[in-house]
Amino acid sequence: MAHQDNLNPFLNAQKQVKEACDRLGLEADVYEILKQPLKVLEVAIPVKMDDGSVKVFTGYRAQHNDAVGPTKGGIRFHPNVSRDEVMALSIWMTFKCCVTGIPYGGGKGGIIVDPKTLSQGELERLSRGYIDATYKLLGEQVDVPAPDVNTNGQIMAWMVDQYNKLVGRSALGVITGKPVEFGGSKGRTAATGFGVAVTAREAAKRLGINFNGATIALQGIGNVGSHTGYNMEKLGGKVVAVCEWNGTVYKEDGFDMHALVDYMRKNKTIVGFPGSKEITKSEFFALPVDILVPAALENEITADVAETIQAKFVCEAANGPTTPDGDEVLNRRGILLTPDILTNAGGVTVSYFEWVQNLYGYYWTEEEVEEKEERAMVDAFNAIYKIKEEYNVPMRTAAYMHSVKKVAAAMKVRGWY
Ligand code: NAD
């Protein structure tokens, strides 16, 4: 595989699905259907800027497969958003939903934009503009977006408000990840990170690592990374290194994660956090920690990086942080990796809980949400670990096998092949 291809998340996602189809011995038709989204929409979104000019942004929505149920997946605002990235993320969503057995297919959306360059008003107009451009393809029983990189509850609230205005009724369940005061579920903001910590706890158990005192290197302390850190701390873990886009810091006795996140909010960097020392990104990946958690973006663990990793296991909180050749190196070196579609499935699982609560108009306590999420994550971990052992395959392949089987079965009874 050429180097550039290796960094194309769409080709990587296809490779992962193909491997699972082959291992399961499925008919070629299954991969033919699953290798691309069923629908991809590209839109131009004109936005009135504060200076009176109009800027046109490009947005996407991909719906990979709806054999199991409505499509579901976040909306990302980032300068590197591309059609291929959105398609890849939609493929991963189909199989992630099946990991914990929630009745959705995969979808994903995005806008090519650096939201840091927008005012609040411009951000709101862009968010509403995305819905104006895509709403005919969305719906509580059709396609249900959620937050992703650089989008949050406030943005989801603007989007739901816009959708409701366009369709002329209250349809709270059309988007999840909303603020609690507007149909959001308790526990949703923390859900992905909570699930990452549960996955890491289960993996540590299998490897005989005591979580109490376990050392952690964490890349990215946005929504997922920060809540992963808080929850790992609660389990007795010690985050000793944190890597952000503009600097990496190390603290042997462990960071107080809340203090570090507050520091970053105030200073826009983690560098200079009291008691820490700055290290390089290469040093970060090579630290002899128990757990390495990439919680930022794709393609961080390449083959070269994987060669240097000394962690006992890698817990993929981000989507697609390991390239296929990075994967091969980790497999060869016998380093366990809990794959993204399992590790961060807690987010979409609680999104599903939010949708159920919206449809019923009946809301659960935070304890109920966490308890149901924890059970779903532990069951998924055990089922996938069992496949890994039975077939002697890496956990990623096992996770895809677990999910591809379910989607293939739904497509079969529907008569798609
Ligand atoms: P976020 O925007 O809240 O946080 C991302 C963090 O990563 C930010 O702090 C950012 O500064 C940092 N970052 C960006 N580039 C970096 C780099 N090159 N090196 C180090 N740090 C960098 O986004 P998020 O919602 O936390 O999402 C993170 C990852 O988790 C993404 O891959 C996303 O698709 C995935 N994910 C998110 C959810 C969710 O519920 N938010 C659910 C499942 C998966």
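**Ground rules.** I'm working from a predicted model, where local features need pLDDT of at least 70, side-chain atom pairs count only at pLDDT 80 or more, and totals for chains, interfaces and linings use all residues. Numbering starts from 1 along each chain as its sequence is written, and side-chain values use heavy atoms, with hydrogens and water left out.

**The sheet.** I looked up the strand order first. It is an open sheet of seven strands, E9-E8-E7-E6-E10-E11-E12, with mixed pairing. Strands here are DSSP runs of E, at least two residues, and helices are runs of H or I, at least four, numbered from the N terminus. Two strands pair if DSSP finds at least two bridges between them. E9 and strand E12 (336-338) are the edges; each has a single partner strand, so one side of each is left without a neighbour in the sheet. From one strand to the next, the twist averages 25°. Angles run from 0 to 180 degrees between N-to-C directions, and axes are lines fitted to C-alpha atoms, for helices over the stretch in contact.

Val249 has Glu278 in E9 as its bridge partner. H7 packs on the sheet and touches strand E10 (291-294), strand E11 (313-315) and E12, its direction making about 160° with that of E11. Contact means heavy atoms within 4.5 Å.

**H7 against H14.** Next I followed H7 to another helix. Helix H7 (residues 188-207) packs with helix H14 (residues 345-360) at about 145°, axes 7 Å apart. H7 brings Arg188, Ala191 and Thr192 to the contact, and H14 brings Gly346, Gly347, Val350, Ser351 and Glu354. I sorted these into two nonpolar, four polar and two charged. For that sorting, Ala, Val, Leu, Ile, Met, Phe, Trp, Tyr, Cys and Pro are nonpolar, Asp, Glu, Lys and Arg charged, and the others, Gly among them, polar.

**Positive phi.** Most residues other than glycine have a negative phi. Asn150 is not a glycine, yet its phi is positive, about 65°. Asn150 sits in the loop between strand E5 (143-147) and helix H6 (153-167), and is partly exposed at 39% relative accessibility. Lys268, also no glycine, has a positive phi of about 65°. I found Lys268 in the loop between helix H9 (257-267) and strand E9 (277-279). Lys268 is exposed, at 61% relative accessible area. Cut-offs: buried is under 20%, exposed over 50%, partly exposed in between (1.4 Å probe, protein chains only).
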